[in-house]
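Open the model in your viewer and keep the selection tool ready. We will go from stop to stop.

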Amino acid sequence: MSTAAVNFLLSRQSVKFVQSPGPAPEHLDLILQAAMTAPDHGKLRPWRFSLIRDDAVVRLGELAIQASRRAGKPLSEEKEVGIRKWLSKVPLLVAMACRIDHSNTKVPEHERALAVGVAAGNMLNAAHMLGYGAFWSTGLGTYIDEVTEALGYDSLDYQFLGFMAIGTPIMPPEPVVRPDYHEFVTEWK
Ligand SMILES: Cc1cc2nc3c(=O)[nH]c(=O)nc-3n(C[C@H](O)[C@H](O)[C@H](O)COP(=O)(O)O)c2cc1C
C-alpha cells in the first residue's frame, strides 16, 4: 500500500464554481458507487440521490428562489443574482436525501443521516480524485418543503440533505490551510 492516495485525498477542497463538462458517465458511475461504500448501520441503504442536469439545474434554482418567496423566506436580491449566476454554469447537481424507514426503530434517525453524510463525503472525495470540483450546499431550498416535495422527497419519509454540484473547476481553488488535527485529538487512558 502506498500513502500517495491518502496524500492526494488530503488535497481535497470544495470547489463551488464549476462548469461543463460535468462528470463523464463512467466517472459519475464511480462517484455514485463510492457513495455505496459508506458505513451503514443495519444495512438500511438510506441514501437517495436525484441527478439534476443542465437546463434542469437552472430550473431547480428558479424553483428554489420562487418557493423561498412563497414560503415567506425570500432571499436577498444579491443572493438571487448569485444563485442564478452560479447555477447557469453548473452541469450537474446531485440532490441528496435520507430515507426514513418508519418500520425500523432500531437504528436512530441521526445514524441514518450520518450514513448519508458519509456517502456524500465519499462522493466529494471520488470527484476530487477524478479531477472534478464538487461542492455540498444546503442552500437552494433544502429546507423549503415545496422544493424537496417537487424533487419527490416529502418530509414525512425523507430528510433532505442538500445538493452537490459537480463539474470542471472554473478556476483552480485558492490553496487552503487545514487545521492541525492535534488540536482536536486527546488520548484517553
Ligand atoms: C451539510 C453541509 C451543508 C453545506 N451547505 C453550505 C451552503 O449552503 N453554503 C456554503 O457556502 N457552504 C456550505 N457548506 C460548506 C461547503 O460545502 C464547504 O465545505 C466549505 O466551503 C469549505 O470548503 P472545504 O470543504 O474545502 O473545507 C456545507 C457543508 C456541509 C457539510
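Select α3 and α4: they count as roughly antiparallel to each other, because the label applies to angles over 145 degrees. Helix α3 covers residues 55-70 and helix α4 residues 77-87. Their packing angle is about 165°, and their axes lie 9 Å apart. Axes here are lines fitted to C-alpha atoms over the stretch in contact, with angles from 0 to 180 degrees between N-to-C directions. Helices are DSSP runs (H or I, at least four residues), numbered from the N terminus.

This is a predicted model: local features need pLDDT of at least 70, side-chain atom pairs count only at pLDDT 80 or more, and totals for chains, interfaces and linings use all residues. Residues are numbered from 1 along each chain as its sequence is written, and side-chain values use heavy atoms, leaving out hydrogens and water.

Next, select E80 and R69. They form a salt bridge, with the closest N and O atoms 2.7 Å apart. A salt bridge is a side-chain nitrogen of Lys or Arg within 4 Å of a carboxyl oxygen of Asp or Glu. E80 is in α4 and R69 in α3, so the pair ties together parts 11 residues apart in sequence. Buried or exposed: which is E80? E80 is buried, at 5% relative accessibility. R69 is partly exposed, at 40%. (Buried is under 20% relative accessible area, exposed over 50%, partly exposed in between, using a 1.4 Å probe and protein chains only.)

Last, select R70 and E146. Their salt bridge has its closest N and O atoms 2.7 Å apart.

Notes: Helices (H or I, at least four residues) and strands (E, at least two) are DSSP runs, numbered from the N terminus. Angles under 35 degrees count as roughly parallel, over 145 as roughly antiparallel, 65 to 115 as roughly perpendicular and the rest as oblique.
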